[in-house]
Amino acid sequence: MKLKKGIPVIDQGNKLGFWGGKFGGNFVPETLKKPIEDLEILFNKLKKDKKFIAERDKYFKNWIGTPTRFIKLENLTKHVGGAQIWSKVVSDANGGAHKIYNATVHCLLAKRSGKKIICGDTGAGYAGKMLSMAAKKFGLKCKIFMGAKDIERQQPNVRAMKKNGAEVIPVYSGSQTLVDAVSECMRFWVANCDTTAMCVGSTVGPAVFVRICGWSTSQISRELKVQLIEEFGSIPKKLKLYNCVGGGSSSFGFWNEFMDYDKKQCEFIGVEAGGPAKSKKHAAPLTYGSKIGILHGAAQYVNQDSDGQIEETESISAGLDYPGISPLHCFLKDAKRARYTAASDEEALKAYKLVTKYEKLRPSLEPSHAFSVAIREAKKMSKSTIVVVNSCGDAYKDKKILRNRLGRKYA
Amino acid sequence: MLNPIDLAFKKAKKENRPALLTYTVAGDSSKKQSLVILNAISKYADILELGVPHNTPVADGSQIQTSAYRAIKNGIKIEDIFWIVKKYKKDKNSKPIILMGYYNMIFQYGEKKFLEKCKKVGVNGLIVVDLPWPENKSFTKKCIKKSIYFIQLLSPTTSKERLNKIIKDSHAMNYFISMLSTTGGKLNVSPKKIMTNYFKIKKINPKKNVVIGFGITEKSIKSLKKADGLVVGSAICKVISISIQKRQNPVTNVANLVKKLKYKIL
């Protein structure tokens, strides 16, 4: 399996939407074939349309706020004593996470297609919060599907969605987390696709949703490339980009612009959620060698049993608590362009403590997974190596969990 | 030799009525009970769809989801489903069996091995909800080589051009989804409108049998009786759920419902 140079990865799928001939595709009920095809036609047209891109950039700049900061973590670097540790503070974006890029683009597409309602799924609540913000901004009615367990553990984001006028629909089936929220959202779309647009909250789902999300979050690496050149005069000789991976939207966006560089120069490290240290359950299909299966319309590595039933996951971070993984990451793994590993709940918490102790930065539990591995590995690297961690979410939403696990001091 | 599915349609046509197709979930609420249910409804139904329960069903409404989760919770495995079909087919009054499920289960089992096993136990047709045309092209060819019909789904959103292509590639039976909905939704389109759409599809190739499903209940079944066949699923799953809740016997309750459905279309 090989990546092509000079062609955006989102456009490297074959006719049926498979990357590397086997990841992705459109495993959907017949009813959704037409709306998906319509969306594909619209997206393929608009992503080449200069006016549309100008409109996107206008909202990215004035409303989301670009660029987000690129900062050196001086104290942490000193403490760790190895590579230079930097962070791209994507949580600076309006709403506090990268999900706003995808939500904004989906709302712009929905407007163009004349749809009045938009539905979406959410795990940590960020995708839902951002979609509710964007829907409000663009005058669309908004419905958010969220697992009952996630509603319980991510209250601040639930309150934000409601404040933005979105209807939050709790999902009680299965494990009551993101996987069930995505299923329920797809079911809602099956029944309402004539009036409603759907926003899949990550680089997962039928191929077109993977592409739209990857196209949207790539804003992160576009900014980073400029910032690196401003800071170092050119792209550093040894650059390591660490990012947490749940569905894979922030990591893909963080890496996309660097795809064509040799991996010896720009290495990508994806950190999955290893779950509690003592539990066998995890949300790390790439790290722990899960088999290929079909989940939510796409072929991907996914946690499942021998019959093909999707397995329950477990992670402290709701945003990474997903049994599958973007087809884009399956492709990057098998093409050996990116390297994937996992951090446990405990390791993420430890990293959170360390980062907040030394820096004025409060990464949410998701990027804390990435920090954990970055800190561990940076120790052994030379001072000329540039480690960048995408701090793609803010810990405000994790208050309750942090208080329970680490005490009031850290919440 | 004709596929038993064709014979079932022929028989119904002779009796000047649509074929009655039922849907129950394999293993709901247990392996043995779902077999007893199949036996009990054979007298009234013409073709039996047997759901292969999956835990991330993207096209099923709450009734079928409840049945599927119940079956999985009670430990049903794919081998048990083959066992149910094999046992059922030993009954001399058995009817054609269509397995209905999601592609991942087939993919994990292996397409070839799955079809060999289907053939061996006596499965006559397959409906794979999330394997649409043209993605299903290669699999449907493998099915027909084993004399198993792959039943294509057609929806109100399927374009005319697409309908033509799908029907051209289809086997002798197709399934028209009555409305935009997951299974078991409330019928939100008039039966007249459904029949208009149905006849448009039928006209493309009158030789192929087309059944209508989604949202069909005791109330609405009569108004659709001009179709080649009608599928009732969620209404049956609901009866099983209610029976369990009320500590009644699901077998008799389901059999009674199917009997009533049959009389409505005579």
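**Exercise 1.** Work out how helices α4 and α9 of chain A pack: at what angle, and how many Å apart are their axes?

*Solution.* Start with the geometry: α4 (residues 99-113) and α9 (residues 207-217) of chain A pack at about 120 degrees, with axes 8 Å apart. Here helices (H or I, at least four residues) and strands (E, at least two) are DSSP runs numbered from the N terminus. Axes are lines fitted to C-alpha atoms, for helices over the stretch in contact, and angles run from 0 to 180 degrees between N-to-C directions.

Next, name the arrangement: that angle makes α4(A) oblique to α9(A). Under 35 degrees is roughly parallel, over 145 roughly antiparallel, 65 to 115 roughly perpendicular, and the rest oblique.

Then find who touches whom: Y101(A), N102(A), V105(A) and H106(A) of α4(A) meet I212(A), C213(A), S216(A) and T217(A) of α9(A). (In contact means C-beta atoms, placed from the backbone, within 7 Å.)

Finally, sort them: 4 are nonpolar, 4 polar and none charged. Ala, Val, Leu, Ile, Met, Phe, Trp, Tyr, Cys and Pro count as nonpolar, Asp, Glu, Lys and Arg as charged, and the others, Gly among them, as polar.

A quick note before you go on: this is a predicted model, where local features need pLDDT of at least 70 and side-chain atom pairs count only at pLDDT 80 or more, while totals for chains, interfaces and linings use all residues. Residues are numbered from 1 along each chain as its sequence is written, with chains lettered from A and ligands numbered from 1 in the order in which they are written.

**Exercise 2.** Now try α13 and α14 of chain A: what is their packing angle?

*Solution.* Helix α13 (residues 345-358) and helix α14 (residues 365-378) of chain A pack at about 85 degrees, and their axes are 7 Å apart. So α13(A) and α14(A) are roughly perpendicular to each other. Residues making this contact include A348(A) and L354(A) of α13(A), plus F371(A) and I375(A) of α14(A). By class, the contact has 8 nonpolar, 3 polar and 2 charged residues.

**Exercise 3.** Which helix gives the largest share of the side of domain 1 of chain A that touches domain 2 of chain A?

*Solution.* First, the bounds: chain A has domain 1 (26-59 + 98-214) and domain 2 (65-96 + 218-410), which come from an automatic or database domain assignment. Second, count: 36 residues of domain 1 are in contact with 39 of domain 2. Third, pick the helix: α8(A) gives the largest share of the domain 1 side, 5 residues. That side divides into 18 nonpolar, 15 polar and 3 charged residues.

Definitions and conventions
Contact = placed C-beta atoms within 7 Å.
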